[in-house]
Each structure stands twice: as C-alpha cells, then as structure tokens.
Amino acid sequence: MSHQNKTVTEQVQEVAQNTWDATKNTAANATESVQNMFSAGQEKAADTADKAGRAVKPESEKTVGDKAKDTWDATKNSAQNASDKASEKMDKAGRAVKPESEKTMGDKAQDTWDATKDAAANVTESVQNMFSAGQEKAEETADKAGRAVKPESEKTVGDKAKDTWDATKNTAQNASDKAGEQMDKAGRAVKPESEKTIGDKAKDTWDATKNSAQNASDKASEQMDKAGRAVKPESQKTMGDKAKDTWDATKNSAQNASDAVQSKVQETQKAAQSKTS
C-alpha cells in the first residue's frame, strides 16, 4: 500500500512506529556501549588482578599458561613502548623544525618538558652507570678474592680462565703504567732544572728514592742468592747456579783488577805529591 493510499490514522501510526524503532535502536546502542565499557572495565580489572597475582607467584609455581601470559604482557608492553616512543619522536621532530614564532603554548610546554626529561634522564643514566660500575667492581673484587683462597685443585676451567685474564690485565696495566712512567721520566730528564715545577722535583726525588730502595733490594737478593749457592754442594747445583757462580767470579776478578789499578794510581799520586812538597 503506497503512502498516498494510507489513511491519516495509518500514517500517524507508521510515524509513531518509526519513532519508536529509532528510540529503541538509540537506547539499545547506548546500552550496548555502556555494557561494552563495563565489560572492558571488568576485563581490565580481571587482567590487572591476574597480572598482579602472577607477579608475586614464584617462577617455580607458574603454569605454562602463566608463563605464556607473562610473555604476552612483555610483548604488549614492548610494542606499546615502541609505539609511544615513535609517536614521541615524530612529535619532537615536528616541533624541532617549527619556527619558534609559530609554536603554540602547548609546543613550548612540550619543549620544556622534553628538556627536563632529557636532563633528568642524563643524570639518572650517569648515576646508574656509576652504580653499575661500582657493582661490577665489587662483584669482580669478591670473585677475585674467592678465587685467591680456592685451592688450585678445586678451581674450575672458568676460574682458571679468569685467573689468566686477571694476570693478563695486570701485566698490560703494569706495562702501560711503566711506559707512562718512563715517558714522564724522560721528559723531566731533558728539562732544565730552572723550568722544573715543584711536581717535577718531587717526582725526581721519588725516582731517586725508589732507585736507591730497588738497588738495596737487588743487592740484598743477590747476596742471599750468593750465600745460598755457597753452601750448596756442587753436585746439587743447577746449570743456572753454575752460570751465576761463573758470573760472580768474573765480576769479582774485574772488580779486583779495577781496585788494583785505582790503588796503584793513588800510590803514584801520593808519591808525586811527596816529591813536590
């Protein structure tokens, strides 16, 4: 039946029905929207509660499902962080190329916030690096001390590898220190006394002290070694012992010859002085 053939009553009824249908649809849509929001809220609350429960559950008690959810959470967080980071970078890049005169109050506020965050992040990173370095140093020292008191027979392959690495590092560091010290000493050796600083003179004094102490130590070690060889039966002497005995005898002979020459020179000088006087 066409609209023109309908009675006024039928037309009114049709308009009323359409209005009612539209009202019902609107109400249904609103109800569905509220229900969806409520369901989402419930899901979010349940998800949060589940996540919190898994967070405090020991790893050994977690089910395969728990571990799968942990992995999914980590994946979602990583993806969200990457997305947020990308959006933040795009926004920052957009503001970086925008002339200052065209920036809105929001842009300027965001610039200030970025600068504040960057400064805070730098400070935090610096502190974390210092803390991490301190932790690593403490752990390395503790590990080294543990290996130092461990009998060689109980050391693992890893322990021995670390011992070797420590020795290598120490040797390299000592060589580096020695080279630096030699360069510094050479620099001071060619510097005129009048140009030397207080620090230079202090180092010269320290070098002389060290040399004197080292010479005394070497002399004492040499005397102890010589005394040890002197009481050792010839049959028990090693090739090294015999080589040292030969070297000692050669040095002694050379020293005796030198002493004899000096004595003769002194006698000649005295005789010459007595003739002229």
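Which residues in helix 5 meet which residues in helix 6? In helix 5 they are Glu-222, Asp-225, Lys-226 and Arg-229, and in helix 6 they are Asp-241, Lys-244, Asp-245, Asp-248 and Lys-251. Contact here means heavy atoms within 4.5 Å.

## Before we start

This is a predicted model, in which local features need pLDDT of at least 70 and side-chain atom pairs count only at pLDDT 80 or more, while totals for chains, interfaces and linings use all residues. Residues are numbered from 1 along each chain as its sequence is written, and side-chain values use heavy atoms, with hydrogens and water left out.

A word on the helices: they are DSSP runs (H or I, at least four residues), numbered from the N terminus.

## Helix 5 against helix 6

Two packed helices are described by the angle between their axes and the distance between the axes. For helix 5 and helix 6, the angle is about 115° and the axes are 11 Å apart. That makes helix 5 roughly perpendicular to helix 6. On this scale, angles under 35 degrees count as roughly parallel, over 145 as roughly antiparallel, 65 to 115 as roughly perpendicular and the rest as oblique. The axes themselves are lines fitted to C-alpha atoms, for helices over the stretch in contact, and the angles run from 0 to 180 degrees between N-to-C directions.

The crossing of helix 5 and helix 6 is left-handed, meaning that the near helix is turned anticlockwise from the far one by less than a right angle. Now back to the residues of this contact: by class, they divide into no nonpolar, no polar and nine charged. Here Asp, Glu, Lys and Arg count as charged, Ala, Val, Leu, Ile, Met, Phe, Trp, Tyr, Cys and Pro as nonpolar, and the others, Gly among them, as polar.

## Helix 4 and its two partners

The axes of helix 3 (residues 105–148) and helix 4 (residues 157–189) come within 11 Å and cross at roughly 115°. Helix 3 and helix 4 are therefore roughly perpendicular to each other, and their crossing is left-handed. Helix 3 brings Glu-140, Asp-143, Lys-144 and Arg-147 to the contact, and helix 4 brings Asp-159, Lys-162, Asp-163, Asp-166 and Lys-169. Sorted by class, the contact of helix 3 with helix 4 has no nonpolar, no polar and nine charged residues.

Next comes helix 5. Helix 4 and helix 5 pack at about 115°, with axes 11 Å apart, and this crossing is left-handed. From helix 4 the contact takes Glu-181, Asp-184, Lys-185 and Arg-188, and from helix 5 it takes Asp-200, Lys-203, Asp-204, Asp-207 and Lys-210. The classes in the contact of helix 4 with helix 5 are no nonpolar, no polar and nine charged residues.

## How long, and what is tucked away?

Helix 4 has 33 residues and reaches 47 Å from its first C-alpha to its last, close to the 48 Å expected at 1.5 Å a residue. The expected span is 1.5 Å times one less than the number of residues. Helix 5 (residues 198–230), with 33 residues, should span 48 Å, and its end C-alpha atoms are 48 Å apart, which agrees.

Which residues of helix 4 are buried? They are Asp-159, Asp-166 and Arg-188, where buried means under 20% relative accessible area, exposed means over 50% and partly exposed is in between (1.4 Å probe, protein chains only). These buried residues pack against helix 3 and helix 5. In helix 5, Asp-200, Asp-207 and Arg-229 are buried, and what covers them includes helix 4 and helix 6 (239–276).

Start with Arg-54 in helix 1 (residues 8–55). Arg-54 is buried, with a relative accessible area of 2%. Leaving aside neighbours within four places in sequence, Arg-54 is in contact with Lys-62, Asp-66, Lys-69, Asp-70 and Asp-73. Ser-60 sits in the loop between helix 1 and helix 2 (64–96), and is exposed at 70% relative accessible area.

Over in helix 4 you'll find Lys-162, which counts as partly exposed at 39% relative accessibility. Not counting residues up to four places away in sequence, Lys-162 touches Asp-143 and Arg-147. Ala-189 is also found in helix 4, and is exposed, with a relative accessible area of 64%. Ala-189 and Thr-112 are 77 residues apart in sequence and 56 Å apart in space, C-alpha to C-alpha.

Notes
Helix = DSSP H or I, 4+ residues; strand = E, 2+ residues; numbered from the N terminus.
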